[in-house]
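Hi everyone, thanks for coming. I'd like to walk you through one model today, strand by strand and helix by helix.

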Amino acid sequence: MSCVLAVDIGGTKLAAALVGRDGAVLRDATVPTPPTGVMDALTALIATVTEDAPPPVAVGIGSAGPMDALAGTVSPVNMPSWRGFPLRERVGELTGLPTVLAGDAQCFALGEHWLGAGDGSGSLLGVVVSTGIGGGLVIDGRPLLGPLGNAGHVGHMIVDPYGETCECGGRGCVERYASGPNLVRWAVANGWHGPDARALAADAGRGDPTALAAFERGARALAAMIASVAAAAEVDTVVIGGGVAGAGRVLFEPLERAVDEVAGLAFVRAVRVVPTTLGVRAALAGAAKLAWNQAASRAARPGAR
């Protein structure tokens, strides 16, 4: 059976899978991301997945960033041992296969478009709301990666030009209002007592007014970003994943109201906002789709074997 190797690299886990043309997972494995020796752990993981298995024809990698996709290097914030690490080259040398690299949130979007909540959509925005906010765009069925691999970085779209200074150095970024730690930060500053975004979501579900207000504030920032992207790129579907999306109705109900309030043009108001259906598997699915696209592109070249 023909397959590709998909790899998902994050600060907490490394995942790899052999994936068929239809998205079926033939074999997969996951290990915690070690503080050092990450490439050694990834090498062992790939060996585990590929041993005595059908040989893959290409490799797709979704990695935490920032990255320089043109150079094939990554510098994940939560992996201090990798700075400017030549990931694409190293994996290509390890496997001897054509290798393509994209951001993990871009792979999330592509995976949801291929096999998840965005199946059948024309153009899609995928948003990962977690400790930060990442994003990816699929336009007319194709991932929009950008020259350096930074397209779709919606967490740092400005939703309030007079707003708070963001951790990135910008001002009024959506991440400053809607990421998990920033939801908690605002709630604590306004009298809430709790450890994290999960507890905040639980309290919001029980009707705590400060917790509800924190999610309302975050939802309005997300809605402003969604309406702006929909106006600029005419996406018809927005899929939201990440840990904060697990809050369920306390996030999605105010988000639906806020999008309805801020959107004006008919095609912007028509955007569909839905939760992920693939969850943690979305980025791996997107990495597999990248690899299949790479394989198809090479096969279409004149003289290709």
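Let's begin with S1 and S2, which pair in the antiparallel sense over seven bridges. Within that pair, Val-4 has Val-19 in S2 as its bridge partner. By pairing I mean that DSSP finds at least two bridges between two strands. The elements themselves are DSSP runs numbered from the N terminus: helices are H or I with at least four residues, strands are E with at least two.

A word on the source: this is a predicted model, where local features need pLDDT of at least 70, side-chain atom pairs count only at pLDDT 80 or more, and totals for chains, interfaces and linings use all residues. Residues are numbered from 1 along each chain as its sequence is written, and side-chain values use heavy atoms, leaving out hydrogens and water.

Now the sheet around that pair. Its five strands are ordered S3-S2-S1-S4-S7, the sheet is open, and the pairing is mixed. S3 and S7 each have a single partner strand, so one side of each is left without a neighbour in the sheet. From one strand to the next, the twist averages 15°. H1 packs on this sheet and touches S1, S2 and S3, with its direction at about 30° to that of S2. H2 packs on the sheet too, touching S1, S4 and S7, at about 145° to S7. Those angles run from 0 to 180 degrees between N-to-C directions, with axes fitted to C-alpha atoms, for helices over the stretch in contact; contact means heavy atoms within 4.5 Å.

How many of the five residues of S7 are buried? Five of five, where buried means under 20% relative accessible area, exposed over 50% and partly exposed in between, with a 1.4 Å probe and protein chains only.

Back to H1. Its buried residues are Val-38, Met-39, Ala-41, Leu-42, Leu-45, Ile-46 and Val-49. They cover an arc of only 155° around the axis, which puts them on the same side of H1; the arc is taken from the directions from the helix axis to the C-beta atoms. Following H1 comes Asp-52, with a positive phi near 55°.

And there is another open, mixed sheet of five strands, S10-S9-S8-S11-S12. Its edge strands are S10 (142-144) and S12 (272-275), and here the twist averages 25°.
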